[in-house]
Amino acid sequence: MLLHELFTDAHFECVSSDGLQHSKFTVVVTVNDNQRFEGTGPSKKMAKNAAAKAALASICNISFSPLQQSKFGLISASTSNGSIGGPSGVTLNGDNSFTQNKNFELPQTFADAVGKLVIEKFNEVMKGSDVYSRRKVLAGFVMTHGYDVKTARVISLATGTKCVSGEHMSVTGSVINDSHAEIIARRGLMDFFYSQLDLLCQQTVAAASSESTSAVAVNEPIPPPGQETESGAADRQARQEIIFNKPGEGSNLYTLKDGIYFHLYINTAPCGDARVFSPHENDSMDVDKHPNR
């Protein structure tokens, strides 16, 4: 309704009605003759709604998230150079020194792109397995360089809704207690972190062992990227992909490189208070109705 009110030429078209249960219908809305936005959903109505939201978020910077309220603080629109701007004192071009105690969210279009990447990767993995793809909860971690969606990469993906009952839980680590989607996805993320640390340590050891032959190597010309040997190109690519810095002086901690960000997508609210008690209810949010919990 809002989209039609703002753009009288908005035209909706259902382009697909064959897909997984959660995205059975695909609707495309055309605005201003040439701008097209896509939405999916389990019904035509929800797919149209998703397409309209995508159009409003992109064209008018309208978000339907309850976090986009002045009480929480919100993130500003794009800056003149095309990068995503932020609240006062915040830069989002690779500097992760965010303002303390300042809540904000990224633009809806960025969040939609991250969610779409996770869903597309899930559909790719589950292609031909419709029985198992009827999941209830889907979670995934996406890594980006800065806030450029073009650099986004799905690191970990998982489904799950179960945890073991109390009598079977283990405090010694002999039982997997929790198999919720976001927990499984986190395990995949940790595995990625450990593999990155292992790769960095291997390079450190290799660099130390090659110091004895550095006098010979230092005089060898560096070949252009197109003329590198296969192993040399692989080494250069591996160095570029490592996301951690080696510990600095006076520290034994590895640090994440500037400009590397991780985003968690969950297609439904997690279990617990996040699902039961919404912080966005219309009544006063300063009074805790459950002081004893």
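Q: Which residues does S156 touch, not counting residues up to four places away in sequence?

A: A contact means heavy atoms within 4.5 Å. By that criterion S156 touches A139, G140, F141, I184, A185, G188 and L189. The model is a predicted one, in which local features need pLDDT of at least 70, side-chain atom pairs count only at pLDDT 80 or more, and totals for chains, interfaces and linings use all residues. Residues are numbered from 1 along each chain as its sequence is written, and side-chain values use heavy atoms, with hydrogens and water left out.

Q: Where does S156 lie, and is S156 buried or exposed?

A: Helices (H or I, at least four residues) and strands (E, at least two) are DSSP runs, numbered from the N terminus. S156 belongs to strand β5, residues 153-159. Buried means under 20% relative accessible area, exposed over 50%, and partly exposed in between, with a 1.4 Å probe and protein chains only. S156 is classed as buried because its relative accessibility is 6%. A polar atom of its side chain lies 2.7 Å from the backbone oxygen of A185.

Q: How much confidence does the predictor place in the chain?

A: The pLDDT is the predictor's confidence in each residue, from 0 to 100. Its mean over the chain is 76, and 69% of the residues reach 70 or more. Over residues 69-103 the pLDDT is below 50, and this stretch has 58 contacts in the model beyond near neighbours in sequence.

Q: How many helices and strands does the chain have, and what share of its residues is buried?

A: There are seven helices and ten strands. Of the 293 residues in the chain, 28% are buried. Among contacts between residues at least 6 apart in sequence, 48% join residues at least 24 apart. Accessible areas come from the Shrake-Rupley method with a 1.4 Å probe, and for residues only the protein chains shown count as cover. The chain exposes about 19500 Å², of which carbon and sulfur atoms supply 52%.

Q: What is the strand order of the open sheet that contains β5?

A: Strands of a sheet pair through backbone hydrogen bonds, either parallel or antiparallel. Two strands are taken to pair if DSSP finds at least two bridges between them. Here the order is β5-β4-β10, an open sheet of three strands with antiparallel pairing. β5 and β10 are the edge strands, each pairing on one side only. Neighbouring strands of this sheet are turned by 15° against each other on average, direction ignored. Strand β4 (residues 138-145) is joined to β10 by seven bridges, and G140 stands opposite Y265 in β10.

Q: Which helices pack on or lie across these strands?

A: Axes are lines fitted to C-alpha atoms, for helices over the stretch in contact, and angles run from 0 to 180 degrees between N-to-C directions. Helix α3 (residues 108-125) packs on the sheet and touches β4, β5 and β10, its direction making about 120° with that of β4. Helix α4 (residues 181-209) lies across β4, β5 and β10, and runs at about 140° to β5.

Q: Why is S195 classed as partly exposed, and what does its side chain reach?

A: S195 is found in helix α4. It is partly exposed because its relative accessible area is 37%. Its side chain reaches the backbone oxygen of F192 at 2.6 Å.

Q: With which side chain does that of H263 make a polar contact?

A: A polar contact is a pair of N or O atoms within 3.5 Å; within protein, one must be able to donate a hydrogen and the other to accept it, and residues adjacent in sequence count only if both atoms are side-chain atoms. The side chain of H263 makes such a contact with that of T144, at 2.9 Å. H263 lies in β10, residues 260-266, and is buried, with a relative accessible area of 12%. The residues it touches, not counting those up to four places away in sequence, include L106, F110, V114 and Y147.

Q: What joins β2 to β3?

A: Seven bridges join β2 (residues 25-31) to β3 (residues 35-41), and the two strands run antiparallel. They form a hairpin with three residues between them, where N32 in the turn has a positive phi of about 55°.
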